Amino acid sequence: MLAARVLRLVGKRAISTSVCVRGGHAGVAKVEEYTLPAYFDLRENPLPDISYVQNLSPEQASLKEKEKGSWAALSDEEKIALYRISFKQSFAEMTRGSSEWKTVVAGMFFVVGFTGLIVLWQRMFVYGPVPRTFDAEYKEKELQRVLDMRMNPVEGFGSKWDYENKQWKK
Amino acid sequence: MSLPKPVMRGLLGKRLRFHAPIAVVLSIVAAVAFKYGVTEPRKQAYADFYKQYDAVKEFNAMREAGVFESVRPTGE
């Protein structure tokens, strides 16, 4: 609001000069509200650019006058009223937790479930058959070859097979 | 309305003095646990395996199974 007052002063001067120059044009653009400093309750920015209450009522104005004197003379209610003029919510109020996370988690599960349904439909109606390497007979031959090659005989797959008795180790 | 003034300085230092020794101790514990839980048994398993390992016997068994391309099973 300080900025608006400054602009009005400039505008008055600009009107008198620019009327001569441009022949009757207003000269100053209208100040948009979103371009002026705004009030935000943020933990990261504890002192906002402007006070919360811009248009003081008569009691609030007289309280502001009293604030210019000794603060020890202010009662507790007056101090709180001054605080509420400057700020909308206290830190405790603005940083309080909420139950929003339950909605978020529920939404997440719902979306994941829905995606599962889409994937299932895809598996049934979009993809073609799997390669022949997935057949049970092929898989048996593959396993036999793995054991024949003695793959990972120390701690891995081959170590679980008993080569003497041709069976899995107990 | 006269609360004691809260601590304003040295907060990071205090946190580090508390957590850094714990971090060091836990790291050492993790390393020792991994050494004696994983690497020592693994070294022992390899040692035991190769104590009784006959390379020629294994080679012939693999050859008979037909997995080599340079050597065919005896008989073909």
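User: How many residue pairs are in polar contact between chain A and chain B?

Analyst: This is a predicted model, in which local features need pLDDT of at least 70, side-chain atom pairs count only at pLDDT 80 or more, and totals for chains, interfaces and linings use all residues. Residues are numbered from 1 along each chain as its sequence is written, chains are lettered from A and ligands numbered from 1 in the order in which they are written, and side-chain values use heavy atoms, with hydrogens and water left out. A polar contact is a pair of N or O atoms within 3.5 Å; within protein, one must be able to donate a hydrogen and the other to accept it, and residues adjacent in sequence count only if both atoms are side-chain atoms. Between chain A and chain B there are 2 such residue pairs, both at pLDDT 80 or more. The side of chain A that touches chain B has 3 nonpolar, no polar and 6 charged residues, where Ala, Val, Leu, Ile, Met, Phe, Trp, Tyr, Cys and Pro count as nonpolar, Asp, Glu, Lys and Arg as charged, and the others, Gly among them, as polar.

User: What area do chain A and chain B bury between them?

Analyst: The size of an interface is often given as the accessible area lost when the parts come together. Here the buried area (the accessible area, with a 1.4 Å probe, that two parts lose on being put together, summed over both) is about 940 Å², with 63% of it on carbon and sulfur atoms. On the chain A side, A:Arg150, A:Val154 and A:Glu155 lose the most area to chain B, together 53% of what that side buries. Counted by contact (heavy atoms within 4.5 Å), 9 residues of chain A meet 12 residues of chain B.

User: How many salt bridges are there between chain A and chain B, and which side chain meets A:Arg150 in one?

Analyst: Side chains of opposite charge can pair when their charged atoms come close. With a salt bridge taken as a side-chain nitrogen of Lys or Arg within 4 Å of a carboxyl oxygen of Asp or Glu, the count between chain A and chain B is 3. In one of them the side chain of A:Arg150 meets that of B:Glu58, at 2.8 Å from N to O, and both residues are buried, where buried means under 20% relative accessible area, exposed over 50%, and partly exposed in between (1.4 Å probe, protein chains only). Another joins A:Glu155 to B:Arg42, with the closest N and O atoms 3.1 Å apart. A:Glu155 lies in the loop between α6 and β1 of chain A and B:Arg42 in helix α1 (residues 11-51) of chain B, so this pair joins two chains; helices (H or I, at least four residues) and strands (E, at least two) are DSSP runs, numbered from the N terminus. A:Glu155 is partly exposed at 39% relative accessibility, and B:Arg42 is partly exposed at 42%.

User: Which residues are linked with B:Glu40 in a network of salt bridges?

Analyst: B:Glu40 is linked in such a network with B:Lys35 and B:Lys43. The closest N and O atoms of B:Lys43 and B:Glu40 are 3.3 Å apart, and these two residues, 3 residues apart in helix α1 of chain B, are separated by about one helical turn.

User: Is A:Lys166, with its positive phi, buried or exposed?

Analyst: Most residues other than glycine have a negative phi. A:Lys166 has a phi near 55° and is exposed, with a relative accessible area of 63%, in the loop between β1 and β2 (167-168) of chain A. A:Arg150 also has a positive phi, of about 60°, but counts as buried at 14% relative accessibility.
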